[in-house]
Amino acid sequence: MYVKRPLCLLLIDLLHLFDTSLLDRCISMNAAFIMNMLEAFEPPFDMSQYVNADGHDHPSNMHDHSHVDCIHSSGRGDYSTMSISRSNSQLDGQHDNPKEDAKTHESSREIENKKDGEEHMAGCSQPVGSNLGTSQGVNVSCNGDADASTAAYCQDKDVSSSSAVDNVTPQHCTDSLFKLNVPPIDVDKVRCIVRNIVRDWAEEGQKERDECYKPILEELNHLFPNRSNQRPPSCLVPGAGLGRLALEISSLGFVSQGNEFSYYMLICSSFILNHTQEANEWTIYPWIHSNCNSLSDNDQLRPVSFPDIHPSSAGITEGFSMCAGDFVEVYSEESQESAWDAVVTCFFLDTAHNIVEYIEIISKVLKDGGVWINVGPLLYHFADSYGPDDDMSIELSLEDVKKVAYHYGFVMEVEKMIETTYTANMRAMMQNRYRAAFWTMRKNGSRAKAQKCC
C-alpha cells in the first residue's frame, strides 16, 4: 500500500542525493573571487561598516552610496579628469532572458537611481596606459565606500590574500560570509556580471565571441588595411562591458577606447585588465544559480577559469583606455566632434532611452568618411516603462533605425543578419538566440552637413 511521505522528508531525501558540500565550495569560490576583486583597489573596499560586531547587518546603511558620481581618468585627450553625473537609471544590455528584461529592466549596465535625490561617492580615477599589468595601467583609486549590494564576501583575510582562489576551502568562506541584506535586484546584477565574465574572458565564451566580435574585427581589419604604428586609427566602443572587444580592437593596431556606464562592469573590467598575473588565474562557478534546464548536476556545478588570455600580453596599442560615464553625456562634448575614425556598437543600441540621440552622437563623433560597425538586436530595455515616473523609451523598427542613420549622413556598405546568443549557458537545455543586425555604415561628410543645416 502506498504511504504518502511528508514534504519535509521528501526534501531531505532529495538533499541526500545532492552534494551540498560541493555547492558550498562553489559558492565560496565565487565569493572569494569577489573578495579579491574588491580588495584590489587602493584603499580596498571595506564592507565591514555595514555589519555589527555580532555579524548582523545595518539595514539603514545599506544604500548610503549609489555610485552616481565618479571622476575618472581615461588616459586620452580631454578625459584626464572627467566628472560624470548619472542622473538617470541606465540599463546594462543583458540579453540572456528577453522576457525578464522587458519586465524588470535589469541588466549589467544598470546603475540604480535613488528617487529621493542623488547620492554621491567620492571620486575615482581610472587611467589606462599602454600596459595593463598590475604595476601599470588602470590603477583605480576610490576614496569612498563600496555599495553593500556589490556582493557578500569572506571576512577571513586568509581568503583574500594573494594566493590563488583554488586554495580556498568552503569552510574558509562560508563560515565568515557577511550576513548582508542585499536587495534582489543587486544580486541579479552581480550574477549577470559573472555570466559576462564567461562571455568575454573564458574559453567557454569563445563561441559567442566568434559570433559577435569576430565579424567586427574582420571588418575593421578589412576597412583599415594599412594601419600605421606612428598614427594608428582610433576606434570608440560604447557599451564596452568587461572590455574584451575594446582590447581585441586595440590588439589589431587601433587606439581603442571603451565607454561603460555600469559601476559593476567597471570594477570587474578594471580588475581583469590590471590585476591579472597569468591566463586562467581565477576560477568561478557561473551557473550555480541557474536551476532550470540543467542536463546534470555536473553541468550546473562546472568550473570556469578566466581570463583565457593574459591582457597585458595581448599586444595592445598605446592609448588603449576605458572611459566611464553615460554615452550621451560624455560624447556630446564639443571636444569629441569628428574625433574618431570608427565607432563599434555591440549589443548596445537597444540600451537607449532615445535611439535617435545615440545615432546622432555616433554621427557627430565620427570623422568624415569614418565607419560605424554595429551588431545587435533591438530588445529595447525601457520598452515596458508605462508609469508616470518611468523614463522615456523610443522603440524603432530596424527599417526605421536605418532611415534615421541615413538622415544623419550614413551610407550603408555592408548589411547582414547574425545568429547568436548573449551570456548563454552552452550546456543548458534552453538558450535564447538572436537574429542580430550586422552592418557597416560610412559617414558621408557632405551629406551629414547638409542634414545638419536643414
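**Cysteines, backbone and overall picture**

A: Let's start with Cys235, which counts as buried because its relative accessibility is 0%. Keep in mind that this is a predicted model.

Q: How many disulfides does the structure hold?

A: The general idea is that a disulfide needs two cysteine sulfur atoms within 2.5 Å. Here the structure holds 0 disulfides. Take Cys346: the nearest cysteine sulfur is that of Cys212, at 4.9 Å, so with a cut-off of 2.5 Å Cys346 is in no disulfide.

Q: And is Cys346 buried or exposed?

A: Cys346 is buried, because its relative accessible area is 7% and the cut-off for buried is under 20%.

Q: Now the backbone. What should I expect for phi and for peptide bonds in general?

A: Most residues other than glycine have a negative phi, and most peptide bonds are trans. That makes the exceptions worth a look.

Q: Which residues join through a cis peptide bond here?

A: Phe306 and Pro307 do, with omega at about -10°. As for its place, Pro307 sits in the loop that runs between β8 (304-306) and β9 (321-324).

Q: What about phi? Where is Asn293, and what is its value?

A: Asn293 isn't a glycine, yet its phi is positive, near 60°. You'll find Asn293 in the loop between β7 (282-284) and α9 (297-300).

Q: Is Phe347 buried or exposed?

A: Phe347 counts as buried because its relative accessibility is 1%.

Q: Let's zoom out. How many helices and strands does the protein chain have?

A: The chain's secondary structure comes to 13 helices and 13 strands. Of its 454 residues, 53% count as buried.

Q: Last one: how much accessible surface does the protein chain have, and what share belongs to carbon and sulfur?

A: The accessible surface comes to about 19800 Å², and carbon and sulfur atoms account for 50% of that.

Notes:
Residues numbered from 1 in each chain as written. Predicted model: local features only at pLDDT ≥ 70, side-chain atom pairs only at ≥ 80, totals over all residues. Heavy atoms only, no water. Helix = DSSP H or I, 4+ residues; strand = E, 2+ residues; numbered from the N terminus. Buried < 20%, exposed > 50% of the residue type's maximum accessible area, 1.4 Å probe, protein only. Areas by Shrake-Rupley, 256 points an atom, 1.4 Å probe, with all protein chains shown as cover.
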